[in-house]
Amino acid sequence: MKKFIILSIILLNCLGCIAGSSELSKQATAFYSDNNQVKTMDLILQINEKDRKAQDWLLLGNVMADSLKMEDAAYMYKKAIEKDKKCYRAYYNLGNYYFDHGRFAEALENYSKAYKLSPENPYICYNLGCAALKLGDLNKAKLYFYKAVMFDSNVPEFHYNLAYVYKKLNKEKLAQPYLDNYNKLMENR
């Protein structure tokens, strides 16, 4: 009987920790949404490392990136991916880290993983296009810029980069409508 009571107490404590972790995580997300990075960090650091979910690591990474601690941010994004291989935001943010550090092949690789998980996200498509452009693959860049425009035609930069790629491919006539769209969108900003 003593063993049963002790095991029950341990189980209840563990369930309390899990529920507590979940609540801390929700609160941290709310504080991050309110741009309160100090409170976000404080709450997530209260969660035991092994109990942190991918979202917790992602938020830690974002807080680090917002604080310009980019190496720490990359580490947190990798931890998020370890926790959940389907965390497309972690791949996307890690891709941004690599892109910003001139590591375009690694950026492309991470954006590609994010794209597989969220293929209709225009910003993932756009960043895939930017990485492909940096690597000199104009056809791949064109494809992804085109997809970005198709998923969200209200972002001027999508149109501009697609026009740029068409010009680099010596296809002025195809570039012009996208350049016109870019100019219209910029007028309305």
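What pattern does the protein chain follow when read along the sequence? It runs α-α-α-α-α-α-α-α-α-α. This is a predicted model, and its chain has ten helices and zero strands. Of the 189 residues, 39% count as buried. As for how the chain meets itself, take the contacts between residues at least 6 apart in sequence: 42% of these join residues at least 24 apart.

Helix α1 covers residues 2–33, and serine 21 is found in it. Is serine 21 buried or exposed? Its relative accessibility is 11%, and the cut-off for buried is under 20%, so serine 21 counts as buried. Leaving out residues up to four places away in sequence, serine 21 touches Ile47 and Asp51.

Most residues other than glycine have a negative phi. Asparagine 35 is not a glycine, yet its phi is positive, about 65°. This residue lies in the loop between α1 and α2, the latter being residues 37–45. With a relative accessible area of 58%, asparagine 35 is exposed, because the cut-off for that class is over 50%.

Leucine 68 is found in the loop between α3 (54–66) and α4 (70–83). Its phi is near 65°, again a positive value in a residue other than glycine. Buried or exposed, then, for leucine 68? At 70% relative accessibility, leucine 68 counts as exposed.

Now for some helix packing. Two packed helices are described by the angle between their axes and the distance between the axes. Take helix α5 (residues 88–100) and helix α6 (residues 104–117): their axes come within 8 Å and cross at roughly 160°. Angles over 145 degrees count as roughly antiparallel, so that is the label for α5 and α6. The crossing of these two helices is left-handed.

Which residues in α5 meet α6? On the α5 side they are Tyr88, Tyr91, Tyr92, Leu94, Gly95, Asn96, Tyr98 and Phe99. Facing them from α6 are Phe104, Glu106, Ala107, Asn110, Tyr111, Lys113, Ala114 and Leu117. Sorted by type, the residues of this contact divide into eleven nonpolar, three polar and two charged.

Helix α6 also packs against helix α7 (residues 122–134), with axes that come within 9 Å and cross at roughly 155°. That angle makes α6 roughly antiparallel to α7. Here too the crossing is left-handed. The α6 residues in this contact are Phe104, Leu108, Tyr111, Ser112, Ala114 and Tyr115. They meet Ile124, Cys125, Asn127, Leu128, Ala131, Ala132 and Lys134 in α7.

Last, the cysteines. How many disulfides does the model have? With a cut-off of 2.5 Å between cysteine sulfur atoms, the count comes to zero. As for accessibility, cysteine 87 has a relative value of 11% and so counts as buried. Cysteine 130 counts as buried as well, at 14% relative accessibility.

Terms used:
Residues numbered from 1 in each chain as written. Predicted model: local features only at pLDDT ≥ 70, side-chain atom pairs only at ≥ 80, totals over all residues. Heavy atoms only, no water. Buried < 20%, exposed > 50% of the residue type's maximum accessible area, 1.4 Å probe, protein only. Axes fitted to C-alpha atoms, helices over the stretch in contact; angles between N-to-C directions. Helix = DSSP H or I, 4+ residues; strand = E, 2+ residues; numbered from the N terminus. Parallel < 35°, antiparallel > 145°, perpendicular 65-115°, else oblique. Left-handed = near helix turned anticlockwise from the far one by under 90°. Contact = heavy atoms within 4.5 Å. Nonpolar A, V, L, I, M, F, W, Y, C, P; charged D, E, K, R; others polar.
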